[in-house]
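Biologist: Could you walk me through this structure? I have not seen it before.

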Amino acid sequence: MTKPEILMMGPYPTWDLEDLESNYTVHKLWEAPDRAAFLRQVGDNVRAIATRGEIGASAELMTALPRLEIVSCYGVGTDAIDLSHAKANGIRVTNTPNVLTADVADIGVGLLLAVARQIPQADKYVRDGRWRNANMRLVTRVHGKKVGIVGMGRIGVEVAKRLAAFDCPIAHFDIAQWDDLPYTFVPDLMALAEQSEFLIVTLAGGASTQKIINADVLQALGRDGILINISRGSTVDEAALLDALEHNIIKGAGLDVFWNEPNIDERFLTLENVILQPHHASGTVETRQAMGKLVRDNLAAHFAQQPLLTPVI
Ligand code: 8YV
């Protein structure tokens, strides 16, 4: 039997690639020197796309694949996939929810601790031999501080659980109010920023949340405030954030995500009050194995005409 042909948008770990290559004919778009020519060459036979959260799949790409049946996304965020095009053309879409939630929440808390307690700076302080001459400057406490969570989905709830254990009062803002949560709902983002010492963004990306963290929100968070972003770069107005960090409008930021990844704005690189992560919140061996398995299981279910495990549409 001939193997179904799939288009991979970006690299996956070897354990996934080996498995995919034994079940499918895999076309690696990221390795093609001329993307358009490659798509003209293989596009007619491609029945599935295996993509990643931050790469997605555009309408233009899907249109170049006339036999496309399914887009399987290695990631929970589907904001970079043109879902309305997929829906209109009967293309199924799957993602990898749940398996990465706890890891992303862990990094949210880790970044907060790293920024407030200046853990990377302290490490450098010891390595540079400066400890021998003087004690390090004092840093900011985390436990007991007021936390505002922007976006109370699966990841927001896990961040809240963790910081509640740090005795932090938790408040949150979201488009919809969840009545069954034991945290204060604040229906106005500006009010949440004003009352919070730490603001943690866990929203989904997309047009409705684009630049929701703007200059006014950062001003409201204030000079003692810390911003953590583990959502999408698009949720933050990056020019406003850089200005806020450069002029001490806020105290600091911990960022896993950016506009224009991986070629981030170089102004971040010279700032002392920001901790940077390479979009790696779900990047543990355990979680990436579970994400890859879910991508593969969704594809296998589709080609066996079984129900999809985690359908988006
Ligand atoms: C992954 C993500 O880093 O889940 C998402 O939406 O963006 C991340 O977990 C990414 O999809 C892996 O390439």
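Modeller: Let us begin with two terms: strands are DSSP runs of E with at least two residues, helices are runs of H or I with at least four, and both are numbered from the N terminus. Two strands pair if DSSP finds at least two bridges between them. This is a predicted model, in which local features need a pLDDT of at least 70, side-chain atom pairs count only at pLDDT 80 or more, and totals for chains, interfaces and linings use all residues. Residues are numbered from 1 along each chain as its sequence is written.

Biologist: Which residue in strand 5 does I70 stand opposite?

Modeller: I70 stands opposite R92. Strand 4 (residues 70-74) runs parallel to strand 5, and three bridges join them.

Biologist: What is the strand order in the open sheet of five strands?

Modeller: The order is 2-1-3-4-5, with parallel pairing. Strand 2 (25-28) and strand 5 (92-94) are the edge strands, each pairing on one side only.

Biologist: And the open sheet of seven strands, what is its order?

Modeller: That order is 8-7-6-9-10-11-12, and the pairing is parallel. Strand 8 (184-185) and strand 12 (274-276) each have a single partner strand, so one side of each is left without a neighbour in the sheet. Within this topic, strand 9 (residues 198-201) and strand 10 (residues 226-229) run parallel and are joined by four bridges. I200 stands opposite I228 in strand 10.

Biologist: Now the helices. At what angle do helix 5 and helix 7 pack?

Modeller: Helix 5 (residues 101-116) and helix 7 (residues 154-164) pack at about 50°, with their axes 8 Å apart. Axes are lines fitted to C-alpha atoms, for helices over the stretch in contact, and angles run from 0 to 180 degrees between N-to-C directions.

Biologist: Which residues are around the ligand?

Modeller: They are R52, G53, E54, Y74, G75, V76, G77, L100, H279 and S282. A residue is near a molecule or strand if its C-beta atom, placed from the backbone, lies within 6 Å of it.

Biologist: How confident is the predictor, in pLDDT, for the protein chain?

Modeller: The chain averages a pLDDT of 97, and 100% of the residues score at least 70. pLDDT is the predictor's confidence in each residue, from 0 to 100. For the complex, the predictor gives an ipTM of 0.96 and a pTM of 0.96.
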